[in-house]
Amino acid sequence: MAADALVYAKQGGHAIPSEDRFQKVFASDNLLIGSAGAAYVERIEYRFEGWISDFIETQQRGAPNKRPGDVAIALEAKMSETFKAVESPENKSIWENYLPGERLVSYIIAGYAESFRQPYLFETGVEMNRDGSGLQYISPFRHRTAHVWFGEDQHFRRAQDGFEPEHAALAAIHADIRT
(Lines give C-alpha, C1' and ligand atoms only; values in the text may rest on other atoms or scores of the structure.)
Protein backbone atom coordinates (compact mmCIF):
# COMPACT_ATOMS: atom_id res chain seq x y z
CA MET A 1 0.00 0.00 0.00
CA ALA A 2 1.42 3.37 -0.97
CA ALA A 3 0.17 6.93 -0.56
CA ASP A 4 1.53 10.43 -0.77
CA ALA A 5 1.66 12.57 2.37
CA LEU A 6 -0.34 15.49 1.00
CA VAL A 7 -3.79 16.83 1.79
CA TYR A 8 -5.44 18.62 -1.11
CA ALA A 9 -7.98 21.44 -1.15
CA LYS A 10 -10.07 22.44 -4.15
CA GLN A 11 -9.31 25.95 -5.39
CA GLY A 12 -10.65 27.22 -8.68
CA GLY A 13 -11.69 23.70 -9.68
CA HIS A 14 -8.19 22.27 -9.15
CA ALA A 15 -6.70 20.16 -6.38
CA ILE A 16 -3.99 22.17 -4.63
CA PRO A 17 -1.73 20.62 -1.93
CA SER A 18 -2.64 22.31 1.36
CA GLU A 19 -0.73 20.17 3.86
CA ASP A 20 2.20 17.77 3.72
CA ARG A 21 3.37 15.07 6.14
CA PHE A 22 -0.15 13.72 6.47
CA GLN A 23 -0.31 10.01 7.27
CA LYS A 24 -2.82 8.11 5.11
CA VAL A 25 -1.75 4.51 5.78
CA PHE A 26 -1.78 2.82 9.20
CA ALA A 27 -0.72 -0.67 10.30
CA SER A 28 -2.46 -2.84 12.86
CA ASP A 29 -1.49 -6.42 13.63
CA ASN A 30 -1.98 -8.26 10.32
CA LEU A 31 -3.61 -5.31 8.50
CA LEU A 32 -2.95 -2.08 6.66
CA ILE A 33 -5.69 0.56 6.54
CA GLY A 34 -5.46 3.43 4.09
CA SER A 35 -7.64 6.35 3.09
CA ALA A 36 -8.21 8.71 0.19
CA GLY A 37 -10.57 11.66 0.10
CA ALA A 38 -11.80 13.85 2.93
CA ALA A 39 -9.13 14.22 5.58
CA TYR A 40 -10.98 16.70 7.81
CA VAL A 41 -14.59 17.57 8.52
CA GLU A 42 -14.50 20.21 11.25
CA ARG A 43 -18.20 20.16 12.10
CA ILE A 44 -18.03 16.53 13.25
CA GLU A 45 -14.43 16.63 14.47
CA TYR A 46 -13.37 14.10 11.83
CA ARG A 47 -9.63 14.23 11.31
CA PHE A 48 -8.55 10.99 9.66
CA GLU A 49 -5.27 10.48 11.54
CA GLY A 50 -6.82 10.62 15.01
CA TRP A 51 -10.06 8.96 13.92
CA ILE A 52 -8.34 5.91 12.43
CA SER A 53 -5.88 5.68 15.34
CA ASP A 54 -8.84 5.50 17.77
CA PHE A 55 -10.47 2.84 15.57
CA ILE A 56 -7.29 0.72 15.46
CA GLU A 57 -6.81 0.97 19.22
CA THR A 58 -10.39 -0.16 19.80
CA GLN A 59 -9.91 -3.07 17.37
CA GLN A 60 -6.68 -4.18 19.04
CA ARG A 61 -8.22 -4.11 22.50
CA GLY A 62 -11.67 -5.51 21.94
CA ALA A 63 -12.16 -7.21 18.58
CA PRO A 64 -12.04 -10.98 18.92
CA ASN A 65 -11.63 -11.40 15.18
CA LYS A 66 -9.15 -9.38 13.17
CA ARG A 67 -9.85 -10.80 9.71
CA PRO A 68 -9.72 -8.10 7.03
CA GLY A 69 -13.41 -8.51 6.13
CA ASP A 70 -14.53 -8.20 9.74
CA VAL A 71 -12.39 -5.11 10.24
CA ALA A 72 -13.87 -3.60 7.05
CA ILE A 73 -17.39 -4.13 8.45
CA ALA A 74 -16.40 -2.52 11.77
CA LEU A 75 -14.80 0.41 9.92
CA GLU A 76 -17.96 0.95 7.87
CA ALA A 77 -20.01 1.01 11.09
CA LYS A 78 -17.69 3.62 12.64
CA MET A 79 -17.76 5.68 9.42
CA SER A 80 -21.58 5.59 9.30
CA GLU A 81 -21.82 6.62 12.94
CA THR A 82 -19.34 9.47 12.44
CA PHE A 83 -20.82 10.92 9.23
CA LYS A 84 -24.44 10.53 10.39
CA ALA A 85 -24.05 13.85 12.23
CA VAL A 86 -23.75 15.73 8.92
CA GLU A 87 -26.36 13.89 6.85
CA SER A 88 -29.19 16.30 7.58
CA PRO A 89 -30.29 18.91 5.00
CA GLU A 90 -29.16 21.78 7.25
CA ASN A 91 -25.60 20.42 7.04
CA LYS A 92 -25.67 20.04 3.25
CA SER A 93 -23.42 23.10 2.79
CA ILE A 94 -20.45 20.97 3.91
CA TRP A 95 -20.80 18.85 0.77
CA GLU A 96 -21.87 21.50 -1.76
CA ASN A 97 -18.59 21.17 -3.69
CA TYR A 98 -19.25 17.45 -4.35
CA LEU A 99 -21.22 16.19 -7.34
CA PRO A 100 -23.93 13.51 -7.10
CA GLY A 101 -22.21 10.12 -6.96
CA GLU A 102 -18.81 11.62 -6.11
CA ARG A 103 -16.83 9.76 -3.45
CA LEU A 104 -16.11 11.78 -0.30
CA VAL A 105 -13.78 9.27 1.30
CA SER A 106 -12.56 5.75 0.55
CA TYR A 107 -10.93 3.27 2.86
CA ILE A 108 -8.93 0.22 1.87
CA ILE A 109 -8.30 -2.59 4.32
CA ALA A 110 -5.55 -4.98 3.29
CA GLY A 111 -4.22 -7.97 5.14
CA TYR A 112 -4.22 -11.66 5.79
CA ALA A 113 -6.55 -13.95 7.69
CA GLU A 114 -5.17 -16.32 10.30
CA SER A 115 -4.16 -18.89 7.65
CA PHE A 116 -1.89 -16.41 5.79
CA ARG A 117 -2.72 -18.25 2.54
CA GLN A 118 -3.74 -15.22 0.53
CA PRO A 119 -4.03 -11.46 0.91
CA TYR A 120 -7.41 -9.78 1.15
CA LEU A 121 -8.31 -6.26 -0.04
CA PHE A 122 -11.59 -4.68 1.04
CA GLU A 123 -12.96 -1.25 0.20
CA THR A 124 -15.61 0.83 1.91
CA GLY A 125 -16.47 4.51 1.77
CA VAL A 126 -19.07 7.23 1.59
CA GLU A 127 -20.25 9.23 -1.42
CA MET A 128 -22.93 11.71 -2.35
CA ASN A 129 -26.17 9.99 -3.27
CA ARG A 130 -27.41 10.12 -6.88
CA ASP A 131 -29.45 13.29 -6.46
CA GLY A 132 -26.84 15.08 -4.32
CA SER A 133 -29.19 15.47 -1.36
CA GLY A 134 -27.38 13.24 1.14
CA LEU A 135 -24.75 10.62 1.78
CA GLN A 136 -24.63 7.01 0.65
CA TYR A 137 -22.47 4.47 2.47
CA ILE A 138 -20.61 1.86 0.47
CA SER A 139 -20.78 -1.56 2.10
CA PRO A 140 -17.41 -3.29 2.29
CA PHE A 141 -16.59 -5.32 -0.78
CA ARG A 142 -13.60 -7.44 -1.65
CA HIS A 143 -11.25 -6.62 -4.50
CA ARG A 144 -9.82 -9.67 -6.20
CA THR A 145 -6.96 -7.85 -7.85
CA ALA A 146 -3.56 -6.76 -6.57
CA HIS A 147 -3.88 -3.18 -7.89
CA VAL A 148 -6.51 -0.82 -6.52
CA TRP A 149 -6.24 2.94 -7.16
CA PHE A 150 -7.78 5.71 -5.03
CA GLY A 151 -7.64 9.48 -4.84
CA GLU A 152 -6.07 11.15 -7.82
CA ASP A 153 -6.28 7.87 -9.71
CA GLN A 154 -6.42 9.46 -13.16
CA HIS A 155 -2.70 10.16 -12.71
CA PHE A 156 -1.98 6.47 -12.11
CA ARG A 157 -3.88 5.48 -15.22
CA ARG A 158 -2.01 8.10 -17.27
CA ALA A 159 1.27 6.72 -15.91
CA GLN A 160 0.32 3.16 -16.81
CA ASP A 161 -0.65 4.28 -20.31
CA GLY A 162 2.74 5.95 -20.84
CA PHE A 163 1.70 9.62 -20.67
CA GLU A 164 4.23 12.10 -19.32
CA PRO A 165 5.09 13.41 -16.79
CA GLU A 166 3.22 10.72 -14.84
CA HIS A 167 4.93 7.77 -16.59
CA ALA A 168 8.45 8.91 -15.62
CA ALA A 169 7.34 9.49 -12.01
CA LEU A 170 5.84 5.98 -11.78
CA ALA A 171 9.01 4.45 -13.28
CA ALA A 172 11.07 6.24 -10.61
CA ILE A 173 8.81 4.88 -7.85
CA HIS A 174 9.15 1.35 -9.20
CA ALA A 175 12.94 1.74 -9.35
CA ASP A 176 12.98 2.91 -5.70
CA ILE A 177 10.88 -0.05 -4.63
CA ARG A 178 13.24 -2.53 -6.31
CA THR A 179 16.32 -1.12 -4.55
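Reader: Where is Phe116 found, and is Phe116 buried or exposed?
Author: Happy to start there: this is a predicted model, in which local features need pLDDT of at least 70, side-chain atom pairs count only at pLDDT 80 or more, and totals for chains, interfaces and linings use all residues. Residues are numbered from 1 along each chain as its sequence is written, and side-chain values use heavy atoms, without hydrogens and water. Phe116 sits in the loop between S7 and S8, strands being DSSP runs (E, at least two residues) and helices H or I runs of at least four, numbered from the N terminus. Its relative accessible area is 54%, and the cut-offs are under 20% for buried, over 50% for exposed and partly exposed in between (1.4 Å probe, protein chains only), so Phe116 is exposed.

Reader: How many aromatic pairs does a search of the whole structure find?
Author: Rings of Phe, Tyr and Trp (its six-membered ring) pair if their centres lie within 6.5 Å; planes under 30 degrees apart count as stacked, over 60 as edge-to-face and the rest as tilted. With that rule, the search of the whole structure finds two.

Reader: Which parts does the pair of Trp51 and Tyr107 tie together?
Author: The ring centres are 5.5 Å apart with planes at 25 degrees, so Trp51 and Tyr107 are stacked. Trp51 belongs to helix H1 (residues 48-62) and Tyr107 to strand S7 (residues 103-112), so the pair joins parts 56 residues apart in sequence: H1 and S7.

Reader: What is the angle between the planes of Tyr120 and Phe122?
Author: Phe122 counts as buried, at 13% relative accessibility. Tyr120 and Phe122 form a stacked pair, 6.4 Å centre to centre, and the angle between their planes is 15 degrees.
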